[in-house]
Amino acid sequence: MHIQYEVLLVVKKVRQRKQDGTLYLMTERIAWGPEGKDRFTVSHLYADIRCQKISPEGKAKIQLQLVLHTGESTTFHFANESTAMKDRDAAKDLLQQLLPKFKKKANKELEEKNRMLQEDPVLFQLYKDLVVSQVISAEEFWANRLKLSSTDHFSSNNNKQEVGISAAFLADIRPQTDGCNGLRYNLTTDIIESIFRTYPAVKQKYAENVPHNLTEKDFWTRFFQSHYFHRDRINTGLQDLFSECAKQDEKGLKSMVVQGVKNPMVDLLSLEDKTLDEGYGSLTGPSTSNSSKTVKENSNSAIIKRFNHHSAMVLAAGLRKMDTSSDQASETSSTDGNSRDSDTFQPPIKKVKLQEAIEYEDFQNETGPKTIALKLKKFDRYSHGPVPLQSHHYSTSQDIISSVSCIQEEMSCYKPCLTQVMSSSAASSAITALSPGGALMQTGAHQTVSQLVPVDIQSELKHLYTAAGELLRHFWSCFPVNTPFLEEKVVKMQSNLERFQSTKLHPFQGKIQREYLSSNLISHLEEMIQAAYNKFHAWQMRRMMKKT
Amino acid sequence: MKLNIEGLLVYFPYDYIYPEQYSYMLELKRTLDAKGHGVLEMPSGTGKTISLLSLIVAYQKAYPLEVTKLIYCSRTVPEIEKVVEELRKLMDFYTKETGEKNNFLALALSSRKNLCIHPEVSSLRFGKEVDGKCHSLTASYIRAERHSNPSQPVCRFYEEFDAVGRQVPIPPGIYNLDDLKEFGRRRGWCPYYLARYAILHANIVVYSYHYLLDPKIADLVSKELAKKSVVVFDEAHNIDNVCIDSMSVNITRRTLDRCQANVDTLQTTIRRIKETDAAKLQEEYRRLVEGLKETSAARETDIYMSNPILPDEVLQEAVPGNIRTAEHFVGFLKRFLEYLKARLRVHHVVQESSPQFLKDIFEKVCIDRKPLRFCAERLRSLLRTLEIADIADFSAITLISNFATLVSTYSKGKRAAPYSDSTTSNNVKSSNYILFQPVFERFQSVVITSGTLSPLDIYPRILDFHPVTMASFTMTLARTCLCPLIVGRGNDQVAMSSKFETREDFAVIRNYGNLLLELSAVVPDGIVAFFTSYVYMENIVASWYEQGILENIQRNKLIFIETQDAAETSVALEKYQEACENGRGAILLSVARGKVSEGIDFVHHFGRAVIMFGVPYVYTQSRILKARLEYLRDQYQIRENDFLTFDAMRHAAQCVGRAIRGKTDYGLMIFADKRYARADKRGKLPRWIQEHITDGSLNLTIDETMQLAKHFLRQMAQPFRREDQLGLSLLTLEQLQSEDMLQKISQIAQQA
């Protein structure tokens with residue numbers, strides 16, 4: 001078939017589906033033809049191949065599997081007894097070089113798009129409505145979809161849970177005597193990782209010294225030899241590599257203490273309402289001044305301190321990831337002005353803790369799920385919804401007062417003129433017209449669309465709405481038009497809308513007219529599109545004015 | 001719901017009630033009716049506070065002339081704030097039900113540190129600094145000086161309050177500490193002085209014990225509270241220690257050195273003032289001749305509480321002539337100081353009573369008893385005259401003069417035990433409960449309540465009063481949510497005990513470690529372990545570390561350890577809670593009698609098991625303790641051993657009770673000492689714990705304990721709904737009114 005391609009490698013005696021044949025690796029494709037025939041029954045473009053797999057070593061059959069983007073796979077069995085392994089490796093190596101060249105990014109994207117369309121039926125419908133019917137081009141359709149989804153995707157990837165650290169990771173490094181007066185420590189990468197995460201100071205030391213000054217092995221030997229590793233250390237020698245780490249730990253401990261605690265219920269310092277003045281109160285036990293403390297006692301308290309520190313560090317290492325992300329979240333929320341308002345909506349931690357403390361679980365009647373306090377940027381926006389600024393006639397309070405007084409005045413001199421009243425029949429007909437179900441109250445007794453319209457029309461209407469919504473979203477997102485690119489886009493979008501109206505909306509209108517349904521089904525849609533046109537024309541006018 | 005407690009309409013702000021709460025209110029009502037004192041024990045987490053508040057508020061509303069004020073004393077600041085919040089809930093309920101506007105004034109009072117709103121002063125970290133700084137801005141002569149010198153800094157909040165605050169009453173409502181600050185900020189008034197002033201006409205006052213018990217503060221704050229008040233001491237199991245602490249004085253060589261410096265400053269200041277402003281000293285002298293008339297005028301009406309430090313005689317007599325002039329007084333102080341220094345030089349222990357001490361001082365330096373008694377008052381007057389702003393600098397001399405007054409005033413029932421040892425510290429210690437007496441005498445009803453007051457009869461004896469009601473309430477439970485186990489042996493059958501002879505035994509320490517290790521594998525979330533003393537814990541932790549037990553425990557849970565530094569411990573505690581919260585699980589090693597055991601609750605998953613390693617006896621070799629025991633034996637016929645066991649058991653119960661804070665909570669209580677199995681120890685635990693100790697759980701090995709613990713935890717982990725409780729341990733109004741329920745309720749209270 002495509003013999004004109006340069007053949008890079010030919011491997012004979014390769015079986016595929018129990019058939020002997022020859023494998024050809026060419027510049028752009030891999031192909032296989034059965035023995036004795038000069039055409040390929042299997043042929044894949046490299047671009048279609050997702051990956052290759054090989055059978056594990058020591059297995060009887062030596063195979064190579066190609067997995068395609070479509071999910072299909074092809075397996076080749078290298079059957080040449082003496083050189084099977086060598087053949088396979090040659091093929092594998094070549095593929096390894098070739099495949100990355102063809103692994104275009106587009107492929108991934110296509111896959112991604114495919115996946116999205118499959119997962120989201122609404123999107124699929126939209127795609128059909130807009131792209132397949134050629135209202136907008138595929139690129140335009142995907143232009144901001146992918147951006148959205150990629151961030152989505154990214155964050156979902158990021159949310160993967162970080163594995164915590166075992167508190168006993170140091171205990172796992174159990175020293176074993178090697179029989180000749182030495183100790184063997186077993187370190188795994190997990191443990192090293194744990195040490196680094198728990199003690200960033202050690203990591204820093206590692207980065208500083210390995211491999212320039214020390215080999216990795218030396219580094220860890222020193223680590224285990226140093227007093228830093230041992231919890232009952234009191235003071236580390238100055239020449240010790242890790243004395244600085246110890247100092248940093250000390251500093252960290254101190255800063256933790258200085259920072260204090262957030263939860264007032266566990267703050268032992270502020271627990272007592274009144275501390276006895278110095279000199280009052282009875283001393284319990286013999287007084288221990290610093291000088292009289294023995295070395296033993298000192299080392300004991302050092303152990304205690306270190307255990308507390310270790311536990312805190314392990315805990316912090318587990319939480320660090322979460323913290324950063326939540327910090328970011330809070331930061332972003334504060335940048336758009338939320339922080340000021342949020343104070344009023346989120347009671348301070350003390351109040352929450354107090355309320356928690358006085359709550360009796362079993363007395364509460366309904367303990368609904370705990371709700372999260374609402375953070376609002378603009379409170380009135382929340383309670384009223386957005387109000388259109390134009391087309392609103394504001395009446396000042398002066399107006400209202402004057403009109404009220406006007407009415408009052410009129411009422412005060414109102415005299416019923418009994419000779420000029422309506423006939424009773426006219427009055428009753430007026431009342432019926434105004435009661436629910438009457439001629440004038442038609443809109444009040446509104447029958448829902450679902451009752452009036454057949455199901456297929458309904459679904460079609462829904463599709464139209466989503467499609468129109470999408471288009472309009474694109475349209476409105478161009479405003480304010482401040483770059484030439486946006487200018488171009490807005491013009492295109494306007495034409496897209498027009499096309500949509502002519503190819504989709506008008507046929508639908510004709511259809512519902514044919515079925516004698518009320519045409520105001522799509523009036524809202526048309527209104528929306530009209531609003532967009534208005535905006536477009538206004539914008540165009542302004543642009544012309546500017547130009548002239 | 002609305003309850004009828006023997007004819008009194010009580011509003012209770014919940015739709016459900018525990019049977020024991022009803023019973024508690026009955027007893028409380030009887031106490032108030034009889035205008036007597038009461039001792040009531042009810043387990044923590046059964047809503048003691050809300051029951052107390054509901055009943056007393058109802059009583060106050062029904063008989064406004066009988067009970068004019070409720071004084072609620074609690075121990076810690078968070079506790080105080082909790083009480084006020086519960087009160088707010090109750091008052092909201094009143095307004096909702098009756099539709100009337102609340103006309104009650106209730107407020108919390110705390111130290112300046114918690115109430116100050118002055119931007120500079122409130123930023124200081126320690127209470128003492130805040131007090132000192134505040135004093136330097138608000139003292140009367142400082143403010144007087146401002147008239148002539150406007151650049152003198154004063155506190156504008158106090159000025160504002162002083163100008164208008166007293167005329168305008170604070171509107172009725174519930175004021176927590178934060179509310180007071182908020183109110184103060186709005187008006188520009190000092191919240192601290194506002195609160196201190198407002199407690200005089202408030203209906204409910206919530207504050208710390210010290211404001212009533214410590215004579216040094218009570219004199220300032222609680223002097224004018226009316227007799228027809230009900231006083232409640234919540235969490236009162238340690239009340240005797242609070243009394244003793246506030247009446248004890250420690251004098252070390254360092255104190256005396258500082259004292260010397262103080263005296264020197266006084267002398268120079270007097271000399272300077274004499275040259276510039278002799279009239280001032282003359283004025284003071286005249287005032288002292290007239291005696292402390294104003295103070296005695298207040299005392300005469302007798303509805304005020306007396307200040308034990310300022311005995312009645314002092315008020316009636318004028319200040320003795322030999323300390324009336326400033327120079328003479330300073331000379332007097334010098335002599336006294338020299339005498340104390342001489343006493344400190346003695347290297348052997350001397351123990352003597354006050355009369356002995358007074359006799360000795362008279363013989364050695366010719367100081368009479370009478371001027372000694374006026375010492376504190378005289379010093380205060382002098383400091384005022386000399387316009388010394390920073391009282392904190394003179395703490396040493398104030399301490400000495402207070403000591404002089406104390407030692408000369410309370411000769412009866414007071415034991416001064418000055419001694420010195422090689423570490424040059426001298427303790428003078430007065431172990432008396434006289435403090436409490438004025439409280440019992442001055443107020444109509446005093447209620448002492450706590451979760452752990454057993455055995456009930458000992459409190460009236462050591463506090464020397466006669467209660468009309470004494471009752472202990474059990475906890476009605478739909479499921480036995482507490483599981484006390486007494487572990488007496490290790491798996492190797494070696495007895496476990498923190499007894500002095502065996503506590504350093506290798507096998508005991510190892511067994512304790514194994515117990516903790518195995519529990520850490522079984523118990524979910526948090527475990528709290530208490531040791532008998534800090535030193536003991538340090539030793540055990542060190543040897544566990546050497547034996548590798550701690551590392552093995554770390555495989556299951558994180559370890560946090562209480563230290564002697566409160567700030568460090570707070571951090572450890574917060575991290576501990578964090579670890580329990582996020583599911584890692586943690587162990588907190590702590591000390592009985594420490595700050596954690598006294599003030600921190602371990603609700604729900606913060607404490608699924610509590611282990612008490614050993615019996616927390618006090619350090620019995622201490623001389624102070626010996627003096628106290630002797631005193632108890634002589635005065636109240638309480639045997640030393642009885643008191644020691646009582647004291648140990650109340651602390652054990654206190655520690656272990658930290659885990660159960662309600663009926664939906666559950667927890668293991670493990671007593672790891674053989675001695676708990678004995679009847680004399682076990683019998684002193686609170687009833688609500690005792691009744692769950694079966695004969696089968698008395699002397700367990702570690703393995704057996706694990707079996708029982710696993711079984712218990714598995715049972716408790718089942719869902720527990722309200723329907724399971726309803727009718728048994730949780731009642732609606734209808735259920736409460738049924739005949740046989742009332743019958744049952746009457747059995748809950750056990751009269752002691």
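A: A salt bridge is a side-chain nitrogen of Lys or Arg within 4 Å of a carboxyl oxygen of Asp or Glu. This is a predicted model, in which local features need pLDDT of at least 70 and side-chain atom pairs count only at pLDDT 80 or more, while totals for chains, interfaces and linings use all residues. Residues are numbered from 1 along each chain as its sequence is written, chains are lettered from A and ligands numbered from 1 in written order, and side-chain values use heavy atoms, without hydrogens and water.

Over all chains, the salt bridge rule gives a count of 35. One of them joins the side chains of Glu460(A) and Lys511(A), with N to O at 2.6 Å. This pair links distant parts of the chain, 51 residues apart: Glu460(A) lies in helix H17 (residues 455-476) of chain A and Lys511(A) in helix H18 (residues 484-514) of chain A. Here a helix is a DSSP run of H or I with at least four residues, numbered from the N terminus.

Between chain B and chain A, by contrast, the count of salt bridges is zero.

In contact, meaning heavy atoms within 4.5 Å, are 93 residues of chain B and 64 residues of chain A. The two chains bury about 7000 Å² between them, 56% of it on carbon and sulfur atoms. On the chain B side, Tyr545(B), Gln554(B) and Arg555(B) lose the most area to chain A, together 9% of what that side buries. Buried area is the accessible area (1.4 Å probe) that two parts lose on being put together, summed over both.

Contacts also occur within chain B. The axes of helix H17 (residues 326-345) of chain B and helix H21 (residues 395-409) of chain B come within 11 Å and cross at roughly 85°. H17(B) and H21(B) are therefore roughly perpendicular to each other, a term for angles of 65 to 115 degrees. Leu333(B), Phe336(B) and Leu340(B) of H17(B) meet Ile397(B), Ile400(B), Phe403(B) and Ala404(B) of H21(B).

Terms used
Axes fitted to C-alpha atoms, helices over the stretch in contact; angles between N-to-C directions. Helix = DSSP H or I, 4+ residues; strand = E, 2+ residues; numbered from the N terminus. Parallel < 35°, antiparallel > 145°, perpendicular 65-115°, else oblique.
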